[in-house]
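I am opening a notebook on a structure that is new to me. I will write down what I looked up, entry by entry.

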Amino acid sequence: MKNLFSNIKGDAFGGITAGIVALPLALAFGVSSGLGPEAGLYGAIFISFFAALFGGTATQISGPTAPMTAVSMVIIAGIIAANDGSVEKALPAILTVFLLAGLIQIGLGLMGLGKYIRYIPYPVVSGFMTAIGLIILLTQILPSVGYYPKEDEAFVQKFKPQAEEVILENILKDEVNEGILVLENYEETIKRGTKISSTEILKESQTLAAKEASGTIGALRVLPRALKNINWLELILALGTIFIIYGFKRITKAVPSTLVALIVMSGIAYGFNLGYRPISEIPGGIPVPKLEMFTSFNLANISPYIFTALALSLLGAIDSLLTSVVADNMTKTKHKPNRELIGQGIGNSIASIFGGIPGAGATIRTVVNINSGGKTKLSGMIAGVVLLIIMLALAPVASKIPAAVLAGILITVGIGVMDYKGLRAIPSLPKDISISIFKFFKIKLSSEVLIMLVVLILSTFWDLIYAVGIGLVIASLMFMKKIGDLTAERSDVKSLKEEAWPDEGNFPTNLKEEVFIKHLKGPLFFGSTSEFQALTEQIPKTAKTVILRLGRMQYMDQTGLYAMEDMLQDLKKNDVEVLFVGLLKQPRYMMERIDIIPDFIPNEHIFNDFKSCLQWIKTNVEDKY
C-alpha cells in the first residue's frame with residue numbers, strides 16, 4: 001500500500017485523464033455490443049478499478065476494447081436470437097458467459113499460463129485485428145446513415161409470414177411441454193392461434209428483420225436499402241464526428257479528440273434541437289448486481305458457450321498482455337503476466353455481475369495515463385472512480401448523446417485498430433507457397449500472408465473464435481512443415497563412400513560393400529520421418545550390416561519411434577544386421593519402452609563409439625565381394 005500512494009498527484013492526473021478518454025469509447029462500445037451504453041460504462045468502471053487493484057501492470061488502464069466488444073457482440077447476438085429476440089430473456093445467459101470468461105482468466109493466471117500467450121503467431125493476431133476493424137466499420141455503416149431495419153416498415157413487412165410461422169411453432173412447443181396432444185386437441189391450438197395479435201406479429205417481424213441485418217454479412221445485405229433511405233442529419237453528425245476526431249489531432253493531442261468530437265457534435269445536435277436519434281437512456285444511481293444470472297442459471301443452456309467463454313478469455317489475455325508490453329517499454333518496468341491475468345479475470349467477473357461487457361488492457365488509455373503522470377495502480381483505480389462519478393452525475397445528460405456520434409467514434413476506432421504494419425508487409429514477404437485455383441490460375445504468396453488472410457476473411461464473414469482456432473492450426477502445421485524440411489535437409493541419407501566422418505577414415509576397404517553406414521543428424525520426429533523411411537530402399541543389396549550413427553540424434557518422438565521400428569522390421573526380414581553407435585539417453589528410453597531394444601537391437605549391438613563398433617565389424621563381418 002505504501003507504493004500505491006507514492007505518486008498521488010501524477011496518478012490523479014493520469015487516472016482522471018484516462019477516465020475522461022474512456023468515457024466516449026465506453027458508451028460507444030456498450031451501444032455496439034447490443035446491451036446499451038450503460039453496459040459499456042459498467043464494464044469500464046469495474047474492470048478499470050479491479051484489474052488495476054489486483055493486476056500485474058502498474059500503469060495499465062483496462063476497460064471495454066474493440067476486439068473484446070466485437071467478440072462480445074457476436075456472443076450477445078447469438079444468445080438473443082436463441083431467446084426469441086428478447087434482451088431481457090437472454091441477459092442472464094449472456095452475463096453468465098462473461099462471468100465464465102473472467103473466471104477462466106483467473107484460472108489461467110493461477111496456473112501460470114500467462115507467459116505462454118506470447119507464442120500466438122503474429123499473422124493470426126494481425127488477421128484478427130484487421131478483421132475487428134472491418135467488423136466495426138461494416139456494422140457501423142447502418143447507424144451512421146440513420147438506417148435501422150426494425151423501423152423500416154416495408155422491410156419489416158417481408159418477415160410477417162415467417163413471423164407467423166415462428167409464433168405458431170412456439171405455440172406447438174408450449175403445447176408439447178404442457179403434455180397436450182396436438183392432433184387430438186387441435187381445437188386448443190386453433191384457439192391459441194386466434195389470440196395472436198397483430199402487435200405480436202409486428203414485434204416478431206421486427207426481431208427477424210434486425211436478425212437479417214445483423215453482423216457483417218447482414219449489414220452488406222441491407223446496405224443497398226440503407227443507401228436509398230439515408231437520414232442526412234444522422235450522416236452529417238457521424239461525418240462531423242469523424243472530421244473533428246482526425247482534424248483536432250492536427251491542432252493538439254493534449255486534449256483527447258474523441259472527447260472533443262463527442263461534446264461538440266452532441267452540443268450542436270442538442271442545442272439546435274435538430275431532432276436526432278439519441279442513444280438509449282442511461283440509468284442513474286449506483287449499479288445494482290444482476291442476481292437473476294445466478295437464480296436462472298442452467299448448465300444445459302450455458303454448456304454450448306463454454307468454448308466461447310474460453311476463447312473470449314484468451315482474447316482478453318492476449319489484448320491485456322500486449323498492452324502490458326507497451327507499458328513496460330514506456331516506463332522501463334516489468335509486468336507480471338500471471339498476476340495481470342488474475343486481475344483482468346477479477347475485473348471481468350465483477351463487471352459481468354453488474355451487467356457490464358467484458359474488457360481488457362486498453363493501449364490508448366494506458367499510454368494517456370503514463371503520459372499524464374500515472375505510475376502506480378492508483379491511476380487505474382481513479383479512472384474507474386471518475387467514470388462512476390460521471391455516470392452518477394451526468395447520466396441524464398449522457399442519455400442525450402446522438403447515436404450517430406457514437407457510430408462516428410466507432411468508425412474511427414475500426415480504422416485505427418487495423419494492423420497496417422502487417423498489411424504493408426504483404427508485398428515484401430517471401431512467397432514460399434503456391435495455390436492453384438480451378439487448375440487454371442496459380443498464385444504465389446507467403447505462408448504468413450495466407451494465414452493472415454484466412455483469419456481475416458473467416459473472422460469478418462463467419463466466426464471470430466473459430467477463425468482464430470483455424471489460423472492457429474494452419475500456423476502450427478506450416479511451422480511443423482518448415483522445421484521438418486530443415487531437419488530433413490540435415491538428415492540426408494547417404495552412403496559411406498559419399499560422406500564419411502573423421503573417425504571412419506580407417507574403415508576396412510574390403511568391407512565397404514558389405515557394410516552401409518547411415519548418419520542421423522538432428523531429431524527424428526514427425527516432420528523428418530519421410531526421408532528416414534526411405535532408408536531401406538537406399539541400402540545396397542550387397543550390404544548385410546547397417547551401422548546407424550545416432551550420436552547427433554538428440555530427440556525422438558512417437559512418430560519417429562514407429563518409423564524406426566518399421567525400418568528395423570524391414571531390415572530384419574531381409575536378414576540385415578543393424579548396429580547402433582552413440583545412442584543418446586532420450587531415444588534409447590523411447591526404444592526400450594516398445595522393446596525395440598532388445599527385441600530388434602540387442603544390447604551387444606549398441607556401441608558407445610565408432611572404434612568399438614569397428615572392432616565388432618572386423619570380427620563378425622566377412623568379405624564376400
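Predicted model: local features only at pLDDT ≥ 70, side-chain atom pairs only at ≥ 80, totals over all residues.

I began with Lys332, which sits in the loop between α15 (306–331) and α16 (337–353); helices (H or I, at least four residues) and strands (E, at least two) are DSSP runs, numbered from the N terminus. Lys332 has a positive phi of about 60 degrees although it is not a glycine.

Residues are numbered from 1 along each chain as its sequence is written, and side-chain values use heavy atoms, with hydrogens and water left out.

**The whole chain**

I counted 28 helices and eight strands in the protein chain. Of its 625 residues, 50% count as buried. Among contacts (heavy atoms within 4.5 Å) with a separation of 6 or more, 81% join residues 24 or more positions apart.

**α1 with α3**

I then took helix α1 (residues 8–33) and helix α3 (residues 66–81), whose axes come within 8 Å and cross at roughly 25 degrees. The axes are lines fitted to C-alpha atoms, for helices over the stretch in contact, and the angles run from 0 to 180 degrees between N-to-C directions. α1 and α3 are therefore roughly parallel to each other, a term for angles under 35 degrees. Their crossing is right-handed, which is to say that the near helix is turned clockwise from the far one by less than a right angle. Phe29, Ser32 and Ser33 of α1 make the contact with Ala66, Thr69, Met73 and Ile76 of α3.

**α11 with α12**

Which way does α11 pass α12, left-handed or right-handed? I found a right-handed crossing, with the axes of α11 (residues 232–251) and α12 (residues 257–271) coming within 8 Å and crossing at roughly 145 degrees. On the α11 side the residues that meet α12 include Ile236, Leu237, Gly240 and Phe248, and on the α12 side they include Val260, Ala261 and Val264.

**α26 and its surroundings**

In helix α26 (residues 585–593) I found Pro587, Met590 and Met591 buried. Seen down the axis of α26, these buried residues fall within an arc of 95 degrees, so they line one face of the helix; the arc is that of the directions from the helix axis to the C-beta atoms. The face turned away from the buried side of α26 carries the exposed residues Lys585 and Arg593. What do the buried residues of α26 pack against? I listed α25 (558–573), β7 (577–581) and α27 (596–599).

Just after α26, Asp595 takes a positive phi of about 65 degrees. Asp575, in the loop between α25 and β7, has a positive phi of about 60 degrees although it is not a glycine, and Asp575 is exposed, with a relative accessible area of 63%. My last entry is the peptide bond from Ile597 to Pro598, which is cis, with omega near 15 degrees; Pro598 is found in helix α27.

Terms used. Parallel < 35°, antiparallel > 145°, perpendicular 65-115°, else oblique. Buried < 20%, exposed > 50% of the residue type's maximum accessible area, 1.4 Å probe, protein only.
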